[in-house]
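This report covers selected salt bridges, backbone features, helix packing and the chain interface of one structure. The sequence and coordinates come first.

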Amino acid sequence: MATFTLQVFRGDATGGGFKDYRVDAEDGMVVLDLVHRIQATQAPDLACRWNCKAGKCGSCSAEVNGKPQLMCMTRMNLFEPGSTISIAPLRTFPIIRDLVTDVSYNYEKAKSVPPLRLRPPDADGKYRMWQEDIDRIQEFHNCIECFLCQDVCHVIRDHDEKKKAFAGPRLFIKIAGLDMHPLDNRDRRAFVKDSAGIGLCNITKCCTEVCPEHIHITDNGIIPMKERMADEFFDPVVWLLRKFRGQKATRTA
Amino acid sequence: MATAEYETHEHDVLIIGAGGAGLRAAIEAAAQGVSVGLVCKSLLGKAHTVMAEGGIAAALGNVWPEDTWQVHFRDTMRGGKMLNNWRMAQLHAQEAPDRVLELERWGALFDRTKDGLILQRDFGGHRYARLAHVGDRTGLEMIRTLQYHAIHQGIDVYMECKIERLIKDGDRVAGAFGYWRNTGKFVLFKAKAVVIATGGIGKAWKFTSNSWEYTGDGHSLALWAGADLIDMEFVQFHPTGMVWPPSVRGILVTEGVRGDGGTLKNSKGERFMFKYIPEFFRSETADTEAEADRWYEDKKNNRRTPDLLPRDEVARAINSELKAGRGSPHGGVFLDINTRRPADYVRKRLPSMYHQFKELADVDITREPMEVGPTCHYVMGGVRVDADTTAGTVKGLFAAGESAGGMHGSNRLGGNSLSDLLVFGRRAGLYAALYAKDFGGQLTVSSAEVESLARESLEPFSRSGGENPYAVQAALQDVMQNLVGLIRNQTELQDALVKIEGLKERANKVRVEGGRAYNPGWHTALDLRSLLTVAECSARAALERRESRGGHTREDYPQLDPEWAKVNVVLRLKNGSITGSREPLPQMPDDLRKLFEDRQ
């Protein structure tokens with residue numbers, strides 16, 4: 001058993017600061033266990049979100065020693081016994097209270113994504129898909145919506161004015177998953193360019209680095225999407241052909 | 001009028017709970033053209049369904065063309081030791097395939113067969129490989145698919161909102177009253193129909209796979225509103241929860257491990273399940289290791305391994321091994337998949353189990369066995385409903401999923417929960433919408449009732465001297481774990497009821513600090529009311545049923561009793577007290593009864 005000092009942010013939109021709690025950690029414990037221990041013994045009103053405690057629901061995101069991560073998957077044996085650990089709410093989202101932030105931005109953006117539009121089934125009425133065609137999309141479907149990628153994305157974190165026309169990495173892989181879906185036949189290119197703002201991403205891969213599911217957000221999701229956009233809107237050959245034929249850049253969905 | 005001071009929303013159908021059942025109900029109700037409100041305690045997409053691992057049971061026949069709804073029906077009834085509501089089990093088996101295919105059309109990507117169809121995996125108690133799945137994260141795929149489908153259907157979603165009580169107008173349900181967790185402010189919903197889809201009660205036990213949300217809210221809301229609950233004595237202890245380290249004790253290890261080739265062993269290295277094959281399943285279970293081993297490759301000519309007996313049987317067997325001193329170092333038994341399956345296979349089929357053990361327990365399951373033991377997982381009992389319409393015994397009240405009773409009898413088969421959510425979630429949404437459409441007249445809500453609820457909910461702030469609500473919650477979890485666990489007896493159950501009475505007193509005196517905005521201490525204090533209610537329901541029903549069946553084992557009545565096979569224990573509120581009675585089970589028609597005579 002070791003004793004740690006947890007510096008936990010306490011406060012709300014009107015202000016606040018870090019408060020120290022001395023907490024014992026037993027073998028195998030994670031940061032979330034210590035937060036629960038503070039709730040049960042020292043500060044019952046300490047606000048934090050959690051559900052599954054096994055890295056499956058993405059509720060307990062926080063910035064632990066400045067690093068965005070899931071508290072339920074951050075083992076205490078990563079830290080020097082006796083050390084001081086800071087726990088802060090996700091900085092990008094407006095604070096509600098203590099470790100709880102207002103993540104409604106992500107839910108609003110999710111609503112704007114044009115949903116799956118189903119292609120007709122095979123002649124016998126069944127839909128067939130091949131495992132190799134869906135492996136990549138199943139990777140995107142591992143997303144637990146912890147919004148850590150949204151938290152570290154520079155566009156969302158530092159450019160409030162751009163958030164209106166920017167969906168962020170979570171939704172980029174959602175869109176990529178729909179675009180690559182074997183049963184989908186919707187064209188989302190105009191949406192991806194104008195409403196989701198894929199062009200604003202400068203592929204620093206911060207999102208990929210913090211993903212607790214280890215999804216290759218940038219390499220497998222964002223870059224292929226950017227390439228498709230480049231082919232569509234910026235390929236000089238396509239541009240010339242279109243000029244001659246008098247076609248518009250994008251079909252409407 | 002006093003209610004005007006509370007934020008008020010009106011809907012034709014109000015759905016409480018946004019897991020698989022609630023989301024599916026909301027989608028169906030919205031499709032009927034009525035106004036739908038969907039309330040959830042957490043953020044959308046975080047409900048317990050997200051943690052489901054193994055798969056959705058449905059007789060699609062993609063792997064075994066021999067599989068039909070009749071076989072699924074038969075497996076389900078036998079798994080529940082014939083106490084299931086036969087009509088629910090029939091509808092479930094008949095409609096599950098359509099519900100799975102519908103999910104696929106909404107974007108779900110299940111693992112595929114070589115022919116490009118939905119792959120199905122073996123699970124306990126299912127005669128054929130039947131579970132549509134995505135590795136071991138099927139629940140995530142299901143909830144995300146439903147969530148992203150639902151957000152385009154014009155449903156009003158109220159996130160992080162907790163319902164404290166249903167409001168009645170005369171003898172019918174007229175809405176619900178609760179609070180926003182973010183602000184602590186009260187909110188009133190007026191609705192013609194209310195669907196309970198709040199999941200289970202597992203947080204009343206100490207070692208559980210269930211999250212903080214599982215405090216029996218819907219069970220209690222229904223009971224307090226005058227509805228009947230049935231089968232509350234049947235609580236499923238999943239045989240394989242993690243046992244070490246202590247902070248993760250109880251977290252689920254999917255049955256898919258055994259479905260995909262994992263075997264249970266004791267400290268002597270024995271595959272002990274062969275010693276625990278009950279008469280009821282003897283003819284369909286392999287009795288030698290050689291036959292069980294052959295079954296993995298040739299299912300036609302061999303009987304299935306006893307590692308895949310229904311969950312109640314396996315949990316009891318593990319318990320007996322532990323009692324006999326043949327447990328693993330941390331008080332579980334060994335679950336070994338690495339000797340049968342190569343590392344790549346394990347990582348592909350069971351990625352989150354691999355991740356979970358590696359990150360949380362420093363165990364590499366591709367090289368060494370897991371240590372597992374029983375964990376409180378699921379309640380078979382719930383709101384007594386009409387099989388076809390999911391209507392409760394109070395007008396305007398509907399229930400689906402884990403909060404509804406009857407479908408699973410005394411024990412649920414793995415994989416039958418996700419399919420239950422889809423089949424009866426849809427039915428609840430449909431029939432609640434039809435009820436709302438037929439509804440004539442106006443709803444009136446008594447402002448005095450709302451006022452008194454609001455006052456009562458705020459009491460913990462003004463008390464002085466009372467204890468911390470977390471202490472009462474922990475004390476209750478100890479009582480249920482020790483006295484209403486996997487194996488029960490009369491003395492301990494009576495003791496549990498006495499102790500629960502004492503805890504009610506303590507709960508009435510808890511004090512909370514701080515303000516109303518996002519205050520988990522206050523939320524815990526309020527949740528204690530439902531948690532204590534369902535704990536009492538479970539203990540009371542367990543005391544009533546003097547036999548052992550499925551998820552209810554009495555060491556003082558260790559046998560199945562044919563007389564008890566004919567009745568449900570029904571609980572209802574009488575003058576403020578929970579009372580139990582025995583009422584006859586619905587009778588299965590002869591054509592279905594035949595299914596149990598034809599084979600074996």
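In this predicted model, the side chains of E28(B) and R24(B) meet in a salt bridge, with an N to O distance of 3.0 Å. Both residues belong to helix α1 (residues 20-31) of chain B, where E28(B) and R24(B) are four residues apart, about one turn of the helix. Side chains of opposite charge can pair when their charged atoms come close. Over all chains the count comes to 86 salt bridges.

**Interface of chains A and B**

How many salt bridges does the rule find across the interface of chain B and chain A? There are five. A salt bridge also joins the side chains of D135(A) and K348(B), at 3.6 Å from N to O.

The contact between the chains involves 58 residues of chain B and 60 residues of chain A. Together the two chains bury about 4,800 Å² between them, and 56% of this lies on carbon and sulfur atoms. On the chain B side, the most area is lost to chain A by K46(B), L109(B) and Y148(B), which together account for 14% of what that side buries.

**Helix packing**

Two packed helices are described by the angle between their axes and the distance between the axes. Three pairs are listed here.

| Helix pair | Angle | Axis distance |
|---|---|---|
| α13(B) and α15(B) | about 25 degrees | 9 Å |
| α14(B) and α15(B) | roughly 160 degrees | within 9 Å |
| α6(A) and α9(A) | about 65 degrees | 9 Å |

Helix α15 of chain B spans residues 520-544, and its partner α13 spans residues 469-483. Angles under 35 degrees count as roughly parallel, and α13(B) and α15(B) are therefore roughly parallel to each other. Their crossing is left-handed. On α13(B) the contact is made by P469(B), Y470(B), V472(B), Q473(B), L476(B) and M480(B), while the α15(B) side includes P520(B), G521(B), T524(B), L528(B) and L532(B). By class, the residues of the contact of α13(B) with α15(B) are eleven nonpolar, four polar and no charged.

Helix α14 (residues 490-507) of chain B also packs with α15(B). Angles over 145 degrees count as roughly antiparallel, so α14(B) and α15(B) are roughly antiparallel to each other. The crossing of α14(B) and α15(B) is again left-handed. Among the α14(B) residues in this contact are L493(B), L497(B), I500(B), E501(B) and K504(B), and they meet a set in α15(B) that includes L528(B), L532(B), A535(B), E536(B) and R540(B). The contact of α14(B) with α15(B) has eleven nonpolar, two polar and four charged residues. L528(B), L532(B) and A535(B) of α15(B) are also part of the contact with α13(B).

In chain A, helix α6 (residues 169-179) packs with helix α9 (residues 217-234). Are α6(A) and α9(A) roughly parallel or roughly perpendicular to each other? The range for roughly perpendicular is 65 to 115 degrees, and α6(A) and α9(A) are therefore described as roughly perpendicular. α6(A) passes α9(A) in a left-handed crossing. P169(A), F172(A), I173(A), I175(A), A176(A) and D179(A) in α6(A) meet I217(A), G221(A), I222(A), M225(A) and R228(A) in α9(A). The classes in the contact of α6(A) with α9(A) are eight nonpolar, one polar and two charged residues.

**Backbone features**

Most residues other than glycine have a negative phi, and most peptide bonds are trans. Chain B holds an exception of each kind. The peptide bond from W244(B) to P245(B) is cis, with omega near -5 degrees. P245(B) is placed in the loop between β11 (235-242) and α6 (256-259) of chain B. K81(B), a residue other than glycine, has a positive phi near 50 degrees. The loop that holds K81(B) runs between α2 (69-79) and α3 (86-105) of chain B.

Terms used:
Residues are numbered from 1 along each chain as its sequence is written. Chains are lettered from A and ligands numbered from 1 in the order in which they are written. This is a predicted model: local features need pLDDT of at least 70, side-chain atom pairs count only at pLDDT 80 or more; totals for chains, interfaces and linings use all residues. Side-chain values use heavy atoms; hydrogens and water are left out. Axes are lines fitted to C-alpha atoms, for helices over the stretch in contact, and angles run from 0 to 180 degrees between N-to-C directions. Helices (H or I, at least four residues) and strands (E, at least two) are DSSP runs, numbered from the N terminus. A crossing is left-handed if the near helix is turned anticlockwise from the far one by less than a right angle, and right-handed if clockwise. Contact means heavy atoms within 4.5 Å. Ala, Val, Leu, Ile, Met, Phe, Trp, Tyr, Cys and Pro count as nonpolar, Asp, Glu, Lys and Arg as charged, and the others, Gly among them, as polar. Buried area is the accessible area (1.4 Å probe) that two parts lose on being put together, summed over both. A salt bridge is a side-chain nitrogen of Lys or Arg within 4 Å of a carboxyl oxygen of Asp or Glu.
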